[in-house]
Amino acid sequence: MRKVAVARLMSKDIPQGPLAFVHGDDEFAVSQRARQIYQKWGEEEPGEDNEIVEAHAANAGEASKGLGRLNEAIETLPFFGGGKVVWFKACNYFGDDRTAKANDVSAALADLAAKLKTFEWAGVRLLISSAKADKRKTFYKTVSKIGHAEEFAALSLDDRDWQAKAEQLIGARLKSLKKKADYSAISEVAQLVGPDARALISECDKLATYVGESAEININDVRSIVTQGKHAKAFALGDAVGERNLPKLLKRLDEDLWATKTDRKKSVIGLVAGLVSKVRSLLFARELLDAGWIKPARGFAQFKPQLESLPAEAFAEDRRISPLGIHPYVLFSATNQAQNYTREELVGAMDLLMQCNRKLVSSSLDESFVLQQTLTQIVVKEAQAA
């Protein structure tokens with residue numbers, strides 16, 4: 001199977017065989033790629049018999065009916081001869097969920113796999129698009145063996161290279177829109193939006209409209225028009241601490257404190273835990289900078305080789321107390337922000353957060369006041385305080 005990167009959505013590399021299978025947990029990328037293939041095949045087979053079979057099903061009964069319609073579609077020859085393209089669109093039962101495990105659906109998929117092995121493809125081309133497929137199952141093995149298969153994995157914070165992949169996608173989209181952006185602008189879009197391919201594409205389109213006839217997009221354009229995603233909001237408070245920006249910090253803290261009152265999953269104690277993690281990463285970065293192990297870099301692409309060259313034997317095996325246990329992009333961000341603090345200030349910040357946690361747990365003081373006071377002590381420099 002050939003895996004195609006997200007950034008190749010606009011590729012002109014169209015499968016030439018009669019069977020193509022596009023799947024993955026990146027719904028947007030799968031949809032875009034499948035539509036691209038269908039449109040190209042439709043141009044090559046421009047008859048009236050081309051057909052889109054909606055495959056999405058809410059239960060096993062609907063799934064069985066969808067597979068039945070697919071069988072009818074590929075068995076029905078073009079009325080006026082020539083070729084025919086069938087798109088089995090947005091299937092959601094090739095995985096390992098309850099619908100896929102239903103006896104009727106399992107049997108229908110097995111029958112379809114057997115049929116495709118011996119099917120006479122003359123005049124018929126079949127495109128299947130679906131959510132992530134279970135690669136252990138016979139249907140997947142059959143289709144990937146006799147046809148052309150592509151997988152689109154969604155961008156994820158768990159992927160240490162998600163930032164680079166997002167930047168690649170942004171660059172490709174802006175290029176297709178005949179716009180240019182320097183690395184700082186592209187990186188800013190990725191950081192603001194986060195690992196969401198659909199949102200990244202949408203924000204690129206919005207940027208292109210915003211700058212109008214101008215061919216250049218700069219970082220100020222990005223900050224003026226790009227919408228901050230959930231990913232950026234989750235790290236906004238910690239970044240304000242890292243930037244040592246008190247006005248920004250107080251604004252973000254106010255937003256997060258309000259969220260704790262409306263979202264049961266969030267709490268003031270949780271905010272403190274996140275800030276402890278942030279200061280910890282800043283402290284690790286400060287130590288690496290002071291030791292000369294790493295240097296600040298303008299972009300993640302320039303920083304990553306430095307991180308990869310660090311000797312693992314120089315650090316503790318327990319990744320919880322080693323900078324190598326931190327996500328590479330988090331450490332990159334912390335490296336630039338750690339320059340705003342001395343080692344002693346960061347050690348003091350960690351102590352202040354620990355004291356804050358004790359007060360929140362053991363006293364009846366107002367939680368908002370305690371946290372605001374602590375963060376102000378951390379961010380404000382001695383000269384400013386005086």
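Start with a cysteine: is Cys-356 buried or exposed? Cys-356 is buried, because its relative accessibility is 1% and the cut-off for buried is under 20%. Keep in mind that this is a predicted model. Now pick Cys-204, which is buried too, with a relative accessible area of 1%.

Next, colour the strands. You'll find an open sheet of five, in the order β2-β3-β4-β1-β5, with parallel pairing. At its edges sit β2 (51-54) and β5 (148-151), each pairing on one side only. Zoom in on β1 (residues 19-23) and β4 (residues 124-130), a parallel pair with five bridges. Select Phe-21 and you'll see it opposite Ile-128 of β4.

Show Glu-188 and Arg-223, whose side chains meet at 3.2 Å, N to O. Glu-188 is in helix α7 (residues 183-193) and Arg-223 in helix α9 (residues 219-225), so this pair ties together parts 35 residues apart in sequence. Glu-188 is buried at 14%, while Arg-223 is exposed at 53%.

Move on to Glu-345 and Arg-244, a salt bridge at 2.9 Å, N to O. Here Glu-345 belongs to helix α15 (residues 343-362) and Arg-244 to the loop between α10 (230-243) and α11 (246-262), so the parts tied together are 101 residues apart.

Last stop: select Asp-96, Lys-101, Asp-134 and Arg-136, which are linked in a salt-bridge network.

Methods. Residues numbered from 1 in each chain as written. Predicted model: local features only at pLDDT ≥ 70, side-chain atom pairs only at ≥ 80, totals over all residues. Heavy atoms only, no water. Buried < 20%, exposed > 50% of the residue type's maximum accessible area, 1.4 Å probe, protein only. Pairing = 2+ DSSP bridges. Helix = DSSP H or I, 4+ residues; strand = E, 2+ residues; numbered from the N terminus. Salt bridge = Lys/Arg side-chain N within 4 Å of Asp/Glu carboxyl O.
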